[in-house]
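Let's take a walk through the open spaces of this protein. Have a look at the model first, and then we'll go pocket by pocket.

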Amino acid sequence: MSDKTELRRRMLALRAAIPPSDRLGMAASVEERLFALPEVDRARTVMLFYSFGSEIETGPMARRVLREGKRLLLPYLEAGAMEAAEVLARDELLPSGYGPREPARRVAVDPATVAVVVTPGLAFDRRGHRLGYGGGHYDRFLERLAPRAVRVGIGFSAQLVDRIPDEPGDQRLDLVVTDREVVDLRSGRSRWSER
């Protein structure tokens, strides 16, 4: 656990050190790579997260999901468990007290109906592990997805590390999308290399 705690501290500092102006361009690169994925292109339901702090900005991605006629879901916490609710273009989002905003309309969607889940993370490795903030909410949610659902982590290229310590219950990702590459963790190959 102390290894994860130290890695969290280090990755938070690393991410915060990226200048905001650079973050915008990097986020645009992540968005282009994410929406070029065949899995996202054909998905009818996409779960994103509401970014906060120094995370990859997801607002433009959410608007694009809606513009493309897909069903947009955002997560929320209720009684310590993470659920996802559909969000429409003009829906209100409420402050959560722990960072991200959450849907005001909290009608839980069955996780088995979600085609793609885009997850945040402090770090990702090439084995499919992600380092979250330590609550285990995403791991428990990902465990409830249908086997065909695609799990995608997004972050800055600096967040891709050699190895994240894993524990029982940690859920693996299928893909990691950064501003420099898409790593297909099902095959261990990069689809795009740095330009």
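Before we start, a word on names: helices here are DSSP runs of H or I with at least four residues, strands are E runs of at least two, and both are numbered from the N terminus. Keep in mind, too, that this is a predicted model.

Rolling a probe the size of a water molecule over the atoms shows where empty space is left. The largest pocket holds about 650 Å³ of space. Its lining is made up of 30 residues, and if you want to find the centre, go to Tyr133, Gly134, Gly135, Gly136 and His137, which are the closest to it.

Which elements each supply at least two residues of that lining? They are helix H1 (2-16), strand S2 (71-78), strand S8 (130-131) and helix H5 (137-142). Helix H5 has the largest share, with 4 residues. Sort the lining of the largest pocket by class and you get 15 nonpolar, 9 charged and 6 polar residues.

Next comes the second largest pocket, with about 260 Å³ of space. Here 16 residues form the lining, and Gly59, Ala62, Arg63, Leu72 and Leu93 sit nearest the centre. Two or more lining residues come from helix H4 (59-67), and strand S2 gives two or more as well. Helix H4 gives the most to the second largest pocket, namely 4 residues. By class, this lining splits into 10 nonpolar, 3 polar and 3 charged residues.

Definitions and conventions
Residues are numbered from 1 along each chain as its sequence is written. This is a predicted model: local features need pLDDT of at least 70, side-chain atom pairs count only at pLDDT 80 or more; totals for chains, interfaces and linings use all residues. Side-chain values use heavy atoms; hydrogens and water are left out. On a 1 Å grid over the protein atoms alone, a cavity is a set of points where a 1.4 Å probe fits but cannot get out, and a pocket is an open set with protein on both sides within 12 Å along at least five of seven lines; lining residues have an atom within 4 Å of a point. Grid points are joined across faces, edges and corners, and a volume is the space filled by probe spheres set on the points. Ala, Val, Leu, Ile, Met, Phe, Trp, Tyr, Cys and Pro count as nonpolar, Asp, Glu, Lys and Arg as charged, and the others, Gly among them, as polar.
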